[in-house]
Amino acid sequence: MSVPAPVPHLRRSLRRFDIMAMGVAAVVSFDVIGQIAAGGGQAITWIAVLAVSFLLPYALLFAETGAAFPQEGGPYVWVDVAFGRLPAALTTMFYWVTNPVWLGGSLAFLAARAWNGFVFPLGSGTTADYVFKLVFIWAAILTAVVSLRRGKWITTAGAAAKVLALAFFTATAVAYGIRHGFRGLTEAHFTPTAAGFLALVPVLLFAYVGFEAPNAAGDEMLDAQHDVPVAIGVSGAIAAACYLLPVAAILSAAPPGQVTGVGGFMDAAELVFGIYGSWRGPLLTGAAVLFAVALLTQGSAWMIVADRMQAMAAADGGFFTRALGAFHPRLGTPVRMNLLSGVTATAFMVAAMHLAHGDASDVFGVVLAVAITTLLLSYLTVIPALLALRLRHGEVPRPYRVPFGTPGFTVAALVVYAWILLGSWVALFPGTLEAAVGIPYGFRAVWGVSRSTFETFTLGTVGLLLAVAGAGYVTQRMRAQPGDDQRQSGPAG
């Protein structure tokens, strides 16, 4: 078994707590809480169902693999060892690009909306709106550029702020319910439906995936083989609670049918903070600032890990030029890939602004759908790669093992893969399964744009990514010189 050569200039600085905090910062997504809550009472039901039937086996798979194969690059290395460089390059392209698309679209737009509504008026499509989003994007990129031993404190602070903000909001919603009654929950419908399931499954999968992301910095962990399984377990439990409790709090306070994906969290905060009287305004302003900062650190956490994955693909000869895979000798970060992510996020932000003339409500859902699609599609290769590594490389030391050995691992992989396959189809072709089973589906009412516009944006993005990834691989193959393939052989651990 051969793996990419180690990266020079890296310093081991990630402890167990840092890995856990990075997982929480990346996975707990403020931007999807409102989107999930828009599903109504059955959203709580499906959060619990997927926590058991998807998140649990998913966490088990990546806990074992992340401890057994702790090299820098994480999922890129796993797919490369299992299936070869081309599938790894294509997979990593989808995994990586999700994050500048998400940063420049969903996160920037949601932060701007909160800032415009509760901190300082920006307008929609104005110069101030553009400036805010540009500052937001590049601040996230710069936090990924700094050395990881310093940058980890930014993501840790973001994770702490996120958990504290959600806890404060949930406690406030409970106090509001005690005073005014829990009308939202009493009128909510918790019984699951097929329509609700198909609407929620892609965004819930998107909310739950990503605990393997810190493995992209595997060579910067002090003890990956023992810390990764514990960190994934703890961060997974925190994430499940951070979705279930705030969604229940939003539904308890907001009138039924009034929760929207783009405004769900802050709109609910505006309502429940009324119990603080004259302090309501300042507290809302502070919450909006914290909300924007949490979104920014969420984006930067993903930039830290995804840029390392794509840099490893480039350094390994899978993406245009090895120069893009260079890590800065002093900072130990892939600065060129960080800058490429910033340019990509900026371009996507401008494209999204023109998609709906800067209207956050129309842009948010479509851009989030693109990010969900690209990320879930990458797992269609990653999950089989985990199983292939388990079957073909049993000699690799595995400090943690999925219960019931290889049969248990296989069943978990098949269950997770089935969920990912379903989520990918629903995200890429919304409304098709509803039509197949006779469920009414008003496309423009759901997305705010026509199906042709939506499919042009999503399928066009997927096609463009395949073309760019393929061109990057072929270009590097054509430029390769004898001796370029620097790899090491031996066990991953």
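Reply: Helices (H or I, at least four residues) and strands (E, at least two) are DSSP runs, numbered from the N terminus. Arginine 398 is found in the loop that joins helix 14 (360–392) to helix 15 (405–428). This is a predicted model, in which local features need pLDDT of at least 70, side-chain atom pairs count only at pLDDT 80 or more, and totals for chains, interfaces and linings use all residues. Residues are numbered from 1 along each chain as its sequence is written, and side-chain values use heavy atoms, with hydrogens and water left out.

Me: Is arginine 398 buried or exposed?

Reply: Buried means under 20% relative accessible area, exposed over 50%, and partly exposed in between (1.4 Å probe, protein chains only). Arginine 398 has a relative accessible area of 7% and is therefore buried.

Me: Which residues does arginine 398 touch, not counting those up to four places away in sequence?

Reply: Contact means heavy atoms within 4.5 Å. Arginine 398 touches Glu64, Ala68, Phe69, Leu389, Arg390 and His393, with residues up to four places away in sequence not counted. A polar atom of the arginine 398 side chain lies 3.2 Å from the backbone oxygen of leucine 389.

Me: At what angle do the axes of helix 5 and helix 18 cross?

Reply: Axes are lines fitted to C-alpha atoms, for helices over the stretch in contact, and angles run from 0 to 180 degrees between N-to-C directions. The axes of helix 5 (residues 85–118) and helix 18 (residues 451–479) come within 10 Å and cross at roughly 135°.

Terms used. Polar contact = N/O pair within 3.5 Å; in protein donor to acceptor, adjacent residues only side chain to side chain.
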